[in-house]
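Please examine the sequence and the structure before reading on.

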Amino acid sequence: MEEEEQRLDHPSLHLLSAVLALEPSESLISYARVCGGGSITEQVQKFIWDHCLSKAASSQLFTTLYADFNAPYLKSFLKKLITEVELERGHALDNLYELYAQYMTSIKDNSLVKSDARICKRISFLFPDGFSELQSCPHSRVLVFPLQCSLNMLEGDTGCSIWPSSLFLSELILSYPELFSNKSCFEIGSGVGLVGICLAHVKASKVILSDGDLSTLANLKFNLELNHLSVEFEMGERNKNLSMVKCMYLPWESASESQLQDIMPDVVLGADVIYDPVCLPHLVRVITILLTDTKSYTCRQNASCGGLSPNTEHEDGDLNDSNRHNCNDGSDSRQKEAPVAYIACVVRNVDTFNCFLSLVEQAKLEIMDLTGSLKPVNLLPYMQSYNQASIRLLRITCIH
Ligand SMILES: C[S@@+](CC[C@H](N)C(=O)[O-])C[C@H]1O[C@@H](n2cnc3c(N)ncnc32)[C@H](O)[C@@H]1O
């Protein structure tokens, strides 16, 4: 987002962010009305044209990548916009009519329903005043991440859509960067990769993303490159100027114990991975091995594996010095905290959720419901399709 756009008033910034995130047309129309004090004035239309559509027409933003993907969405938004303006007995700008006519001739109506249709959403995290200086976004009020997604959540791969829990975990990471910075982070079922991009942004020491679906993984790699993150390939090639994120093909059913033990994460993350009862035993097995791996402890002082409470971690900021201990051999070594998993989910089926909880208990893991006690800042206030309150946040650790 341009510097000038970052300074927009709230209604205009919300409208622009909602357009970039390809929110439903109804939501854009409601923001347009707020901007115009109740109606979609010519001034509001001009704002929409200047900030959201003129780039499409001039193909600056809509170069090959964006143009093909987003034009069907913009076509349907333009139709709704023009209709609403006319219903208000207003006058729609000529530019809007012309672009709509251009789309009418160039885009087929069924292009939105094709199962493999791809779009590029730009997710803007809006930092409240006074927040950005202290937290993960020192120089800007707005962070924008482009993500290639599939248009239809239920057709094609589930992993090519942005699920609400990954929006939640992204807000959590950007709200409490100290929980993830300088930590080795591993995500299961990464989907489009938004969580990983946020982890790289707050400078996790290592980011490993995984998925059990190959087409999802290919899309994930595409998104990392789109966000200027270097992806580690099999051969270990790397571009030293770019942050490194590793991608891993990891179906939970076939992940071997030694493969998982080699990962040694400090933090495991999972967003909307609790939905298929058949996969749950495999998912819990994977989490259990990641959290109980003994290789990851250089020097153990405490029998307790619970770690510090998230609130304590947040208040203390950098934990490193407080976790420095003397090992038995007399050397001064940093004690590695016990790994912790943050699993966010929407409870769509109570039985499936309860099944997950009981499998975790059987695996002798400790589970804490942090919903309500570790709330991220609302960084997506313009996104009416997402409700932070619908997400449960679980913290899982091993019991010793
Ligand atoms: C509902 S999507 C959530 C994607 C992403 N975490 C998000 O919140 O946007 C579930 C993800 O888990 C992956 N997944 C599902 N079953 C899996 C399995 N058995 N092994 C590995 N990954 C799996 C899917 O490919 C998909 O990317």
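## The largest pocket

In this predicted model, 37 residues line the largest pocket, and those that lie nearest its centre are Thr 158, Trp 252, Asp 272, Val 273 and Tyr 275. Two or more residues of this lining come from each of these elements: helix H8, which spans 194–201, and helix H13, which spans 350–362.

The volume of the largest pocket is about 610 Å³. When its lining is sorted by class, 17 residues are nonpolar, 12 are polar and eight are charged.

## The ligand and its surroundings

Where does the ligand sit? Its place is in the largest pocket. There are 21 residues around the ligand, and the ones that come nearest are Trp 163, Gly 189, Asp 211, Glu 253 and Ala 271. The shell of residues around the ligand comprises eight nonpolar, nine polar and four charged members.

## Polar contacts and burial

Asp 211 places a polar side-chain atom 2.5 Å from an oxygen atom of the ligand. In the case of Glu 253, a polar side-chain atom lies 2.9 Å from a nitrogen atom of the ligand.

The ligand exposes 590 Å² when taken alone, and the protein buries 93% of that area.

Conventions:
Residues are numbered from 1 along each chain as its sequence is written. This is a predicted model: local features need pLDDT of at least 70, side-chain atom pairs count only at pLDDT 80 or more; totals for chains, interfaces and linings use all residues. Side-chain values use heavy atoms; hydrogens and water are left out. A residue is near a molecule or strand if one of its heavy atoms lies within 4 Å of it. A polar contact is a pair of N or O atoms within 3.5 Å; within protein, one must be able to donate a hydrogen and the other to accept it, and residues adjacent in sequence count only if both atoms are side-chain atoms. Accessible areas come from the Shrake-Rupley method with a 1.4 Å probe; for residues, only the protein chains shown count as cover. On a 1 Å grid over the protein atoms alone, a cavity is a set of points where a 1.4 Å probe fits but cannot get out, and a pocket is an open set with protein on both sides within 12 Å along at least five of seven lines; lining residues have an atom within 4 Å of a point. A molecule sits in a cavity or pocket if more than half of its atoms lie within 2 Å of its grid points. Ala, Val, Leu, Ile, Met, Phe, Trp, Tyr, Cys and Pro count as nonpolar, Asp, Glu, Lys and Arg as charged, and the others, Gly among them, as polar. Grid points are joined across faces, edges and corners, and a volume is the space filled by probe spheres set on the points. Helices (H or I, at least four residues) and strands (E, at least two) are DSSP runs, numbered from the N terminus.
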